[in-house]
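Here is a short briefing on a protein structure. Look through the picture first, then follow the points topic by topic.

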Amino acid sequence: MSYICSKCNAKIDVSTRKAKCDCGGLWKLDFKPPKFDLSLVDESTWNIFRYRAFMPLEGEFWRDISLGEGMTPVIQFDEDVLLKMDYFMPTLSFKDRGAAVLIAHCKAIGVDSVVQDSSGNAGNSVAAYCGKAGIECEIFVPEGTSPKKIDMIKSHGARVNVVPGSRDHCADVCRKKVDDEGKYYANHVYNPFFYEGTKTYIYEVYEQLRRIPENIFVPLGNGTLFIGVVKALEEFLDSGIINEMPNIIAVQSEYCDPIAKAVLDNSRHPAKVTPKPTMAEGIAIGVPMRGEEILEYIYKYNIKAITAPENRILEARKALAAKGIYCEHTTAATYAAYLKYCEFYGKTPDSLIPMCGAGLKSDH
Ligand SMILES: Cc1ncc(COP(=O)(O)O)c(C=O)c1O
Ligand SMILES: [Zn+2]
């Protein structure tokens, strides 16, 4: 199995320890799964690896890595809204989908120590799976990260570095360590194995509903769920499961919106923004490393990019909680954006919204 550089098309075996190509391009996987067919789903495996026929897995390492991630229910929230309960996960966020596959890959190629930067949830996930895999782990988080997330990362045996400054700066500090010390970068944005895990979000929705909802709302910071969702839907198009893309709506923070701004300008590059503090800390990414790739998908499939109104995040969180859904603020932001979208475009039935992170983790 090979990686291909997204810039210069150089190929390298996936056992490489290099976080990216020498030219600076990020890796993509040279992998085309078989046509999607429910008969290829392993119904005896009760985690995301039931879809392993569509993943580029090496060996059976996933068996010892899985923490039972995935298979989260889809619930009817109201007449128009379906919620996919992705905080019903081992570490309480959707990131477990990607981390399970990424760490299974690390184990397969013999990596014994990794670093990662995160606003909290991806770090939680990577730390937990490293714990399970017996891989040493160091996580960099920006200052202001919820103490609950930090405690959880530590509890899995990982070292935590709290970096003063923005989320983007925290990533820079971690990447410097990768460059200077040759550490393995188990990062959800750089490593394409992560997206092979987040694809299962859509596989599950299809297996559960036997159809794909008309409107798919997805939070968009670095785009790990977004890219997984679009990749899986592309596979469904190729496989004849769907005839056209659903209406995909990507949600950014009003205070950090490089992709939404780029779309307004019809640009193929993320806009330069100065992020302001937001309650939607999970999507506060000023410099999304796969920004060009995300924008390519946006233009190719007519995807909308909207922002979540900051002053309505608490109200949205309250409305969800009043009906039993206690999610974190970043997740409530997606619902706030859905409500705004309905005010703009009118009633929007058959809308799928991910409940990505659990309320007990956030700290506002
Ligand atoms: C709860 C939650 N939702 C959404 C996201 C956004 O994911 P991404 O940055 O991959 O787009 C994150 C990322 O940390 C998150 O923690
Ligand atoms: Zn290259």
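A residue counts as buried under 20% relative accessible area, as exposed over 50%, and as partly exposed in between. Cys23, at 38%, is therefore partly exposed. Keep in mind that this is a predicted model.

**Zinc site**
- Four cysteines hold the zinc ion (ligand 2) through their SG atoms: Cys5, Cys8, Cys21 and Cys23.
- These donors lie 2.2 to 2.3 Å from the zinc ion.
- Along the chain, the donors follow the spacing C-x2-C-x12-C-x1-C.
- Why is the arrangement around the zinc ion (ligand 2) called tetrahedral? The four donor atoms subtend angles of 101 to 117°, which makes it so.
- For comparison, the ideal angle for four tetrahedral donors is 109.5 degrees.
- Cys8 sits in the loop between β1 (2–5) and β2 (11–13), while Cys23 sits in the loop between β2 and β3 (27–29), so the pair ties together parts that are 15 residues apart in sequence.
- Cys8 is partly exposed, with a relative accessible area of 41%.

**Nonpolar cores**
- In soluble globular proteins, nonpolar side chains tend to be buried together.
- The largest nonpolar core here has 50 residues.
- Ile212, Phe226, Leu233, Phe236, Ile248 and Ile303 touch the most other members.
- Elements that give two or more residues to this core include α5 (167–181), β10 (215–219) and β11 (247–253).
- Which element gives the most to this core? Helix α8 does, with eight residues.
- Ile248 touches several residues beyond four places away in sequence, among them Ile216, Val218, Phe226 and Leu233.
- A second, separate core has 38 residues, including Phe49, Ala99, Cys130 and Ile153.

**Aromatic rings**
- The structure holds 19 aromatic pairs.
- One of them is Tyr203 with Phe236, a stacked pair at 6.1 Å centre to centre and 25° between the planes.
- This pair links distant parts of the chain: Tyr203 is in helix α7, Phe236 is in helix α8, and they are 33 residues apart.
- Tyr203 is buried, at 0% relative accessible area, and Phe236 is buried at 0%.
- Phe344 and Tyr345 form a tilted pair, 5.8 Å centre to centre with 45° between the planes.
- Phe344 is exposed at 67%, whereas Tyr345 is partly exposed at 48%.
- Ring pairs also join Phe344 and Tyr345 into a cluster with Phe77, Phe217, Tyr335, Tyr338 and Tyr341.

**Charges over rings**
- The charged end of Arg50 sits over the Trp46 ring, 5.5 Å from its centre.
- Lys276 lies over the face of Tyr255, 4.3 Å from the ring centre.

Technical notes: Residues are numbered from 1 along each chain as its sequence is written. Chains are lettered from A and ligands numbered from 1 in the order in which they are written. This is a predicted model: local features need pLDDT of at least 70, side-chain atom pairs count only at pLDDT 80 or more; totals for chains, interfaces and linings use all residues. Side-chain values use heavy atoms; hydrogens and water are left out. Donors are N, O and S atoms within 2.8 Å of the metal (3.2 Å for Na, K and Ca); water is not among the atoms, so sites may look incomplete. Four donors count as tetrahedral if all angles lie between 85 and 135 degrees; four count as square planar and six as octahedral if opposite donors are over 155 degrees apart and all others between 65 and 115; anything else is irregular. Helices (H or I, at least four residues) and strands (E, at least two) are DSSP runs, numbered from the N terminus. Buried means under 20% relative accessible area, exposed over 50%, partly exposed in between (1.4 Å probe, protein chains only). A nonpolar core is a set of buried Ala, Val, Leu, Ile, Met, Phe, Trp, Tyr and Cys residues joined through side-chain atoms within 4.5 Å. Contact means heavy atoms within 4.5 Å. Rings of Phe, Tyr and Trp (its six-membered ring) pair if their centres lie within 6.5 Å; planes under 30 degrees apart count as stacked, over 60 as edge-to-face and the rest as tilted. A charge sits over a ring if NZ of Lys or CZ of Arg is within 6 Å of the ring centre and within 35 degrees of the ring normal.
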